[in-house]
Amino acid sequence: MSEAPQSPWQTAKITRIEKRTPRVTSFFFALSRPFAYRAGQHVDVRLTAPDGYQARRSYSIASAPESVTIELAIEKLDDGEVSPFFHEVAVVGDEIELRGPLGGHFVWSDSDGGPLLLVGGGSGVVPLMAMVRHRTLRKSVAPVALMFSVRVWDEVIFRDELIGLDDRRDGFDLVLTLTREAPHRPSDYSRRIDTAMVMQALARLPQPPALAFVCGSNAFVSAAAQALIDAGISADIIRTERYGV
Amino acid sequence: MVTRGFSSGRKPPAETDARIPPGQYLEQGFPVLSAGPTPRVRTEDWSFTLKHGPRPIKKWNWAEFNALPLTKMTRDIHCVTAWTKFDTAWQGMLVDDILADAGIEAPTGFLLAHGYDGYTTNVPAKDLTTGKAMVALLYEGKPITPDHGGPARLLVPHLYFWKSAKWLNGLQFTERDEPGFWELRGYHIYGDPWREQRYSGDP
Ligand SMILES: Cc1cc2nc3c(=O)[nH]c(=O)nc-3n(C[C@H](O)[C@H](O)[C@H](O)COP(=O)(O)OP(=O)(O)OC[C@H]3O[C@@H](n4cnc5c(N)ncnc54)[C@H](O)[C@@H]3O)c2cc1C
């Protein structure tokens, strides 16, 4: 296990808070002990009450590995414990305990090459965003198609940034699907991800993907991964990250 | 370090607290985590192989495996993503009964569990024997669904749940403690929730 990272708890200061959508807010952290990480990895966050009670959760890193500050994009679950704390209590200057980087499977570097098929549902886009940003910063030529499913246009996390990247036509292709609203761009969809949609996304790549990454809620990942398999993608190249419930 | 503004509203009552390992929280649902798509294995295609190194010791098909004694195990389970679930009810074949049917005792101190998806995880032999672990076929009286690792998954409830390999198709005795899939990717080689052995480098 010599290569495995040691990731002790450290404190990180919130330096910036940016609302991304009505339900998702980004928190930027300055680490007291900066670490190198790969696109797709996550951190564990731990909150401690005065009586010693602790709650911990995992959050994917949205920023590219090239960025020194760590961005976490957290979706608020109204009846949750940790996500409402971030949305309602945390302010710039607060110190939060976290450890990382964690996870060594759902990761991509430009040296891994492409093409890539990225498939995200809701906040499941977060680790994929780190990959897309890494690709841009490294001026990687790996062709990438990102299929991103959300309910409505206003819930498209990182919307301006993603559309800006799509407009560059440099091998990055954004496929949006809105499950509860009509499409806003001619090439987008308004239904859940299905096999036909995956086939059309694949047609936007010059070659079949070398790797596919699928991330979101368990229900989303199960359905989307099956759609990829039904579209002829080998299960061996599909990596998934499930946010649990 | 106390987090400004965070209170212990969810602190479990004292009587359950003793059952929740450090850093874990009580979950009512049953979240699903895995590294890839869910394999769908039909029982008519299923088989289970016991190996010592590269050498197969015995192989069972679904009917042969189901002829082994069925044991019930109701246990608390602990996932490294921090949820703990109480009183999960499983039925399956004790690893002890599998070894007995193969006519062997543990020839080495370590095993690798293998899944249909290529997943592997390492567990010491002493953690799989003496009634501690089983190959589970039923959850709450029903066949385990593919999402949760059916038709058959390993159940090692006293270790973090990534050790309870889904879609199990074999156990292999190894000479050394060989890291499996997550253990090669930064997770702890042993994974005791009570000692909070989540990641390599934890005590
Ligand atoms: C590797 C990984 C990466 C992740 N990355 C991100 C990310 O980038 N962004 C993001 O927003 N999330 C991410 N998640 C999810 C995140 O870790 C949390 O699960 C999420 O923020 C919810 O936490 P919470 O404390 O707010 O809600 P919880 O308190 O954990 O509740 C979650 C849901 O479960 C239900 N629930 C909880 N307790 C009970 C109970 N006792 N009885 C009944 N129902 C209950 C609640 O209704 C709630 O809707 C990631 C998860 C993993 C595993």
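Reader: Hi! What does D202(B) count as, buried or exposed?
Author: D202(B) counts as buried, at 14% relative accessibility. Buried here is under 20% relative accessible area, exposed is over 50%, and partly exposed is in between, using a 1.4 Å probe and protein chains only. This is a predicted model, where local features need pLDDT of at least 70 and side-chain atom pairs need 80 or more, while totals for chains, interfaces and linings use all residues. Residues are numbered from 1 along each chain as its sequence is written, chains are lettered from A and ligands numbered from 1 in the order written, and side-chain values use heavy atoms, leaving out hydrogens and water.

Reader: Thanks! Which side chain meets D202(B) in a salt bridge?
Author: That is R99(A), at 2.8 Å from N to O. The pair joins two chains, because D202(B) lies in the segment after β11 (168-174) of chain B and R99(A) in strand β6 (residues 95-102) of chain A. A salt bridge is a side-chain nitrogen of Lys or Arg within 4 Å of a carboxyl oxygen of Asp or Glu. Helices (H or I, at least four residues) and strands (E, at least two) are DSSP runs, numbered from the N terminus.

Reader: And R99(A), buried or exposed?
Author: R99(A) counts as buried, at 4% relative accessibility.

Reader: How many salt bridges are there across the interface of chain B and chain A?
Author: Five. One of them pairs R4(B) with D94(A), at 2.7 Å from N to O.

Reader: How much area do the two chains bury between them?
Author: About 3,500 Å², with 55% of it on carbon and sulfur atoms. On the chain B side, M1(B), F6(B) and R10(B) lose the most area to chain A, together 21% of what that side buries. Buried area is the accessible area (1.4 Å probe) that two parts lose on being put together, summed over both.

Reader: Switching topic: which residues are buried in helix α4 of chain A?
Author: In α4 (residues 195-203) of chain A, M197(A), V198(A), A201(A) and L202(A) are buried. They line one face of the helix, because they fall within an arc of 140° seen down its axis. The arc is that of the directions from the helix axis to the C-beta atoms.

Reader: What covers those buried residues of α4(A)?
Author: The cover includes β7 (116-121), β8 (144-150), β9 (172-178) and α5 (218-230) of chain A. Contact there means heavy atoms within 4.5 Å.
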